[in-house]
Amino acid sequence: MGKRYRVVHFINQFFAQIGGEEKADLPPSTAAGPVGPGLAFQAALGDAFEIAATLICGDNYFATHGESLLPALIEEIRSYAPDVVIAGPAFNAGRYGPNCGALCAAVQRELGIPAVTGMYCENPGVDLYRRDCYIIETQNSAVGMRRAVPAMSALVKKLLRGQAVSPAGDGYFAKGIKRNVFVEKTGADRAIDMLLAKLAGRPYQSELVFPDFERVPPAPPVRDLTRARLALVTDAGLTDRQNSARLESARATKFLELNIGGMDTLSPERFGSVHGGFDTTAANRNPNVLVPLDLVRGLVRQGRAGGLLDTIYSTTGNGTSLKNAQRFGAEIAAKLRAQQVDAVILTST
Amino acid sequence: MLEKELERAGIPTVQICTILPIAQTAGANRIVKAVAIPHPVGAPELPPDEERALRSSILEKALQALQTSVETQLTIE
């Protein structure tokens, strides 16, 4: 018999059969051999594989400690000298999914071995980590375990045997990697074929698949503007003139809270833009062309709007990662809600 | 992305931006067309009174978007 591949499997407190939400703060621990769904993986992977250990961590513990926890988990995994790491599957679990994704991404990055997990397409972990590890598409609940385990196991086998894999052939979310392949026809021929098929109403497959952005249900409209508290938000890179908080000109990692208490206008002596994606000359001459503080103050003075928050939330929308943009949005939303803001005017460059 | 997260939290939010297809594809719910990328709510090349009128018209559209009940996606140009 040849080499037995060693596997470390990561699961949460629920799939380890330790408990539900009341045990979600469980710190990480390791058990020898397979646990819970690991038994099914062991069966599907067969004798050439050995689940050496199962790493278990509570959903909340992982989600709360996140980045600071990962180095210790990676060292623990490393001590088992695995050839591959399997996590989950997490189906549509909103903490378990990102936790599995974060761990798998760290494993591939730090240990240089493949890591495979499984999630439902709407799990937030998919968009966060699909580029950094293999995420097999699953159903949205543990009912899908019976299909997820064979699909994940098949991908693990192929990866370790060095066989070619593809999103369409193996059922994982596309990782956004471009690979050179040889085809019979040139791009011009393929494009004409596609166009002819489209005109004739025949099915065709585009070679460029666009990202499918999730939609959010619209918030209810403002009922009475004269009583509404407004706030101003921007991704135009607005900062104080000294940029004292060092907002980035691109790939922002933060947002600022700029105090505009008592100001009727954004004066160019105090404010400007550090955005690296457009010519800021006009903005630095008159920052109100980025964020219309002067106009909104006028509305409030006329009594047409109820009030204006004394803080502008500002970041730089220039090559900013989707992940950071979503985090800024969620954090700004929480701050606005805490300050009873009713509506927001967001200006984008 | 910012617009969506604020709307997700239940805060009606209008995004004033120039490249409408980006906001539309990304899934913003309330969108108003801006003047230009470097000055979304300004037109420094216009005479002051014309710039004032243009800026006010954009703000009015923004207020209209905030007060409109949106089913799928609202774009005001």
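Colleague: How many bridges join strand β9 (residues 256–259) of chain A to β11 of chain A, and do the two run parallel or antiparallel?

Modeller: Four bridges join β9(A) to β11(A), and the two strands run antiparallel. Strands count as a pair if DSSP finds at least two bridges between them, so four bridges are enough here. One of the facing positions is A:Asn259, whose bridge partner in β11(A) is A:Thr311.

Colleague: Before we go on, what kind of model is this, and how are things numbered?

Modeller: This is a predicted model, in which local features need pLDDT of at least 70 and side-chain atom pairs count only at pLDDT 80 or more, while totals for chains, interfaces and linings use all residues. Residues are numbered from 1 along each chain as its sequence is written, chains are lettered from A and ligands numbered from 1 in the order in which they are written, and side-chain values use heavy atoms, without hydrogens and water.

Colleague: Thanks! What makes a stretch a strand or a helix, and how many of each does chain A have?

Modeller: Both are DSSP runs numbered from the N terminus: a helix is H or I over at least four residues, and a strand is E over at least two. By that rule chain A has 10 helices and 12 strands. An automatic or database domain assignment supplies the domain bounds, and chain A is divided into domain 1 (5–170) and domain 2 (225–347). The centres of these two domains, taken over C-alpha atoms, are 40 Å apart.

Colleague: What else does β11(A) pair with, and how covered is β11(A)?

Modeller: Strand β7 (residues 229–234) of chain A is joined to β11(A) by five bridges, and these two run parallel. There, A:Leu232 has A:Ile312 as its bridge partner. Seven of the eight residues of β11(A) are buried.

Colleague: Why is A:Thr315 called buried?

Modeller: Buried means under 20% relative accessible area, exposed means over 50%, and partly exposed lies in between, with a 1.4 Å probe and protein chains only. A:Thr315 has 3% relative accessibility, so it counts as buried. The residue sits in the loop between β11 (307–314) and α10 (322–338) of chain A. Contact means heavy atoms within 4.5 Å; leaving aside neighbours within four places in sequence, the contacts of A:Thr315 include A:Asp235, A:Phe255, A:Phe328 and B:Leu2.

Colleague: Why is A:Arg246 called exposed, and what about its phi?

Modeller: A:Arg246 has 64% relative accessibility, so it counts as exposed. Its phi is positive, about 55°, although A:Arg246 is not a glycine. Most residues other than glycine have a negative phi, and most peptide bonds are trans. A:Gln340 likewise has a positive phi of about 55° without being a glycine, and at 55% relative accessibility A:Gln340 counts as exposed. As for peptide bonds, the one from A:Gly88 to A:Pro89 is cis, with omega near 10°, and A:Pro89 lies in strand β4 of chain A.

Colleague: Which strands form the open sheet of six, and what makes some of them edge strands?

Modeller: The order is β2-β3-β1-β4-β5-β6 in chain A, with mixed pairing. The edge strands are β2 (29–32) and β6 (134–137), each of which pairs on one side only. Within the sheet, β1 (residues 5–12) and β3 (residues 49–57) of chain A run parallel and are joined by eight bridges, with A:Val7 opposite A:Ile51.

Colleague: Why is the pair of A:Phe10 and A:Tyr96 called tilted?

Modeller: Rings of Phe, Tyr and Trp (its six-membered ring) pair if their centres lie within 6.5 Å; planes under 30 degrees apart are stacked, over 60 edge-to-face and the rest tilted. The ring centres of A:Phe10 and A:Tyr96 are 6.4 Å apart and their planes meet at 50°, so the pair is tilted. The two residues are 86 residues apart, A:Phe10 in strand β1 and A:Tyr96 in helix α3 (residues 96–111) of chain A.

Colleague: How do you know that both are buried?

Modeller: A:Phe10 has a relative accessible area of 1%, so it is buried. A:Tyr96 has a relative accessible area of 1%, so it is buried too. Both belong to one aromatic cluster, together with A:Phe14, A:Phe15, A:Phe62 and A:Phe91.
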